[in-house]
Structure formats: structure tokens, C-alpha cells
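Please go through this structure in question-and-answer form, with the cut-offs stated where each term first comes up.

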Amino acid sequence: MTKLFFENDYNCGCAPQILKRLEKENMNSRSGYGTDEITAAAAAKILARTGTPGGDVYFAEGGTQTNAIVISAYLKSYEGVVSAETGHVTCHEAGAIEATGHKVLPVPGEVDKLTAGALREYLKAFYAGSSCDHMVQPGMVYISHPTEYGSLYTLQELQDLRAVCDTYRLVLFVDGARLGYALAAPENEITLQDLGRLADVFYIGGTKLGALFGEAIVFPKGMPAFFPTHAKQHGAMLAKGFVTAEQFDELFTDDLYVKLGGHGIELAHRLKKGLAAKGCRFHLDSPTNQQFIVLPDNEVQSLHEKVAFEDWEKAYAGHTVIRFVVSWSTREEDVDALIALL
């Protein structure tokens with residue numbers, strides 16, 4: 001029996017439209033390292049959509065790689081990046097940020113968000129300490145939209161974080177690995193234009209939303225000096241950079257990015273409704289493509305035999321939080337089959 005797959009949102013190759021585009025472009029010769037006309041065209045589309053015509057775009061290949069090169073490019077040698085204690089750079093990147101020589105500075109959040117209030121209290125306490133000169137200095141604030149648990153920041157929350165960053169002269173970086181699912185969620189308040197206005201740097205994730213691979217890093221006010229050189233030093237410059245750009249050029253043609261995200265959100269809400277009807281206990285209320293429920297351990301083991309999903313964390317004695325992920329490639333019949341299994 002083939003297992004139902006709800007383990008992640010990068011389980012298939014790419015959207016058919018992108019595969020067709022790659023096949024069409026396959027034998028066209030282009031300059032390397034992002035110096036070709038397709039890279040320029042894709043960047044122009046993204047800058048127009050984000051309302052940042054004076055900005056820059058750099059195409060990278062994966063989320064961890066993107067986080068590492070962005071954070072290390074902005075921080076001085078003695079600076080670290082502030083993140084919610086549940087943030088991706090804190091929990092799930094194998095020390096990639098620390099490997100660049102920069103510490104992640106975790107702050108307790110409100111469930112899974114880094115709030116302006118918590119950030120302000122952290123910074124006030126840090127600078128009030130008599131030994132702060134002997135400690136890693138905060139230089140950047142990292143958040144993801146949606147969060148690691150699928151939650152969404154409100155526009156006011158993002159504006160409040162921007163205000164704190166301005167007060168303390170910190171860079172605000174938004175991880176958008178699953179940004180397409182946030183943009184498609186009916187509850188979402190933050191647009192690409194809002195990110196272009198409020199973030200110092202953010203990225204639009206393709207790996208988890210229809211691309212074969214790739215992330216588009218947006219620098220609303222321009223990228224740091226010699227950023228491509230920095231990226232190459234860290235193994236993040238692809239000789240065939242046009243392959244990444246071709247995918248984003250297609251994603252930002254005829255609203256494909258929006259449509260793929262919308263498909264994932266539609267089926268995630270279908271799953272959420274079905275889980276609720278079965279009486280499942282939700283770990284938290286996620287409006288995006290990741291759904292977290294609590295099950296007895298014996299039921300978790302039984303379900304693993306028929307469904308691919310992730311054991312997320314222990315809830316309490318004898319119970320585990322598990323994660324179901326719906327994506328751009330999920331089929332309606334698979335969602336219905338999962339609901340029927342529970």
C-alpha cells in the first residue's frame with residue numbers, strides 16, 4: 001500500500017507549468033552566475049510586485065542557505081540575530097547560523113511569534129546590564145511569515161516590530177520559505193508590498209511552493225556591498241543561475257505563485273475542517289498549510305503505517321503533537337482519505 005503523504009511541502013519535483021518552462025528554455029545558451037537576461041526579467045517582476053523598484057533580488061537555492069548568507073552578510077563579527085525561541089534558525093538549521101560565526105539569540109515568544117513587546121523587553125534588559133559589552137550584540141531581528149507553527153503575523157505586529165528595530169537600529173529580516181501560503185490565507189493581512197515597505201530584507205520561497213528549488217531574496221533598498229561575492233564565498237552562487245530565475249519568472253507570470261498557494265490553503269482548510277469534525281485536538285490554531293494535532297502515542301504509531309507525517313514534539317505523558325503538511329501538489333482525494341483514517 002502506498003502511504004498518504006503529509007510529511008512536508010517539498011515532496012514533489014515542481015509545478016507542471018515550471019517543468020514545461022524549463023523544458024522550453026533547456027537548450028537556450030545563457031551567461032552564468034545570474035548575469036543573464038532571464039535573471040534580470042524575473043527580478044524586475046518581483047520588484048514590481050513588491051513595490052520596490054529601486055531594490056535588488058538575489059536568487060539562492062534553499063532556505064537554510066538563504067538564511068545563512070543573509071544573516072552573515074548583515075552582521076558584524078560581534079553581532080547575533082534575535083529570533084523567537086521557536087524560530088527556524090533557532091531550532092531546525094543544524095547550527096548553520098552559528099557556523100558562520102554569529103550566535104542566534106532566542107527570545108520567548110507569544111506561542112510561536114516574536115512580539116514587539118517581548119523584543120523590547122529583551123533589548124531593554126540587555127542594554128541595562130553592566131556587562132553587555134562582553135556579550136554578543138543584537139544586530140538583526142529574524143521572523144518568519146508564516147511562523148514555524150503556521151501562524152500569521154498581523155500587519156500591526158509587523159509594524160510594531162519595525163518600530164522597535166528602528167529604535168535600536170536593528171535589521172529586520174523576514175523568512176518567507178512558506179510565504180505563498182501566508183499570502184493565500186484569508187486571515188492574512190500582510191502583502192508583498194507591506195514586506196517591501198517594512199522589512200530590510202526578506203525572501204520569497206519557491207522550494208516549498210511549486211519550484212524545483214530556489215528562493216528569491218528581496219533587498220528593498222538594495223543589497224549590501226559585494227553580496228554576490230559573499231554568497232559565492234559561502235557556496236551560494238549557482239553557475240547556472242538562470243535555472244532558478246526561469247522558475248521565478250514563471251511563478252510571477254499569470255499569478256502562478258498565488259494560484260499554487262491558494263490550492264494548498266484550500267486543501268489545508270478542508271483538512272482542518274475534517275480534523276475538527278473527527279474531534280481531533282489541535283495543538284494551536286494554524287490558518288496556513290501546516291496543521292498540528294495531539295494524538296495518543298499508540299494511535300501515532302498506528303497511523304505511521306499508512307501516512308507519512310512528522311512527530312513534532314511531546315505534548316504530555318503518552319501524547320505527541322504531530323504535523324500534517326498540505327502543499328501545492330496535494331490532491332483532494334488524499335485529504336479525504338486521511339480524514340477517513342482518523
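Contacts, rings, backbone and cavity

Q: Which residues does Gln-247 touch, not counting residues up to four places away in sequence?
A: This is a predicted model, in which local features need pLDDT of at least 70 and side-chain atom pairs pLDDT 80 or more, while totals for chains, interfaces and linings use all residues. Residues are numbered from 1 along each chain as its sequence is written, and side-chain values use heavy atoms, without hydrogens and water. With contact taken as heavy atoms within 4.5 Å, the residues touched by Gln-247 are Ile-18, Leu-22, Ala-211, Leu-212 and Phe-213.

Q: How are the ring planes of Phe-173 and Tyr-203 arranged?
A: Rings of Phe, Tyr and Trp (its six-membered ring) pair if their centres lie within 6.5 Å; planes under 30 degrees apart are stacked, over 60 edge-to-face, and the rest tilted. By this rule there are 14 aromatic pairs. The centres of Phe-173 and Tyr-203 are 6.3 Å apart and the planes meet at 35°, so this pair is tilted.

Q: How far apart in sequence are the parts that the pair of Phe-173 and Tyr-203 ties together?
A: Both residues, Phe-173 and Tyr-203, are buried. Phe-173 belongs to strand 6 (residues 171-175) and Tyr-203 to strand 7 (residues 201-205), so the separation of the parts is 30 residues.

Q: What kind of aromatic pair do Phe-309 and Phe-324 form?
A: Phe-309 is in the loop between strand 11 (307-308) and strand 12 (310-316), and Phe-324 is in strand 13 (residues 319-325), 15 residues apart. Phe-309 and Phe-324 are both buried. Their rings are 5.6 Å centre to centre with 70° between the planes, and the pair is edge-to-face.

Q: Which lysine has its charged end over the ring of Tyr-33?
A: Tyr-33 lies in the loop between helix 1 (16-25) and helix 2 (37-49), and its phi is near 60°, a positive value in a residue other than glycine. Its relative accessible area is 45%, so Tyr-33 is partly exposed. A charge sits over a ring if NZ of Lys or CZ of Arg is within 6 Å of the ring centre and within 35 degrees of the ring normal. At 4.7 Å from the centre of the Tyr-33 ring is the charged end of Lys-232.

Q: Where is Pro-146 found?
A: The peptide bond from His-145 to Pro-146 is cis, with omega near 0°. Pro-146 is in the loop between strand 5 (137-144) and helix 7 (155-168).

Q: Which strand gives the most to the lining of the largest cavity?
A: The structure holds 1 cavity of 30 Å³ or more, a cavity being a set of points on a 1 Å grid over the protein atoms alone where a 1.4 Å probe fits but cannot get out, with lining residues having an atom within 4 Å of a point. The largest cavity has about 70 Å³ of space, a volume being the space filled by probe spheres set on the points, which are joined across faces, edges and corners. Its lining residues include Ser-83, Asp-112, Tyr-142 and Tyr-153. With 3 residues, the most is given by strand 5.

Terms used: Helix = DSSP H or I, 4+ residues; strand = E, 2+ residues; numbered from the N terminus. Buried < 20%, exposed > 50% of the residue type's maximum accessible area, 1.4 Å probe, protein only. 1 Å grid on protein atoms, 1.4 Å probe; cavity = no way out; pocket = protein on both sides within 12 Å on 5 of 7 lines; lining within 4 Å.
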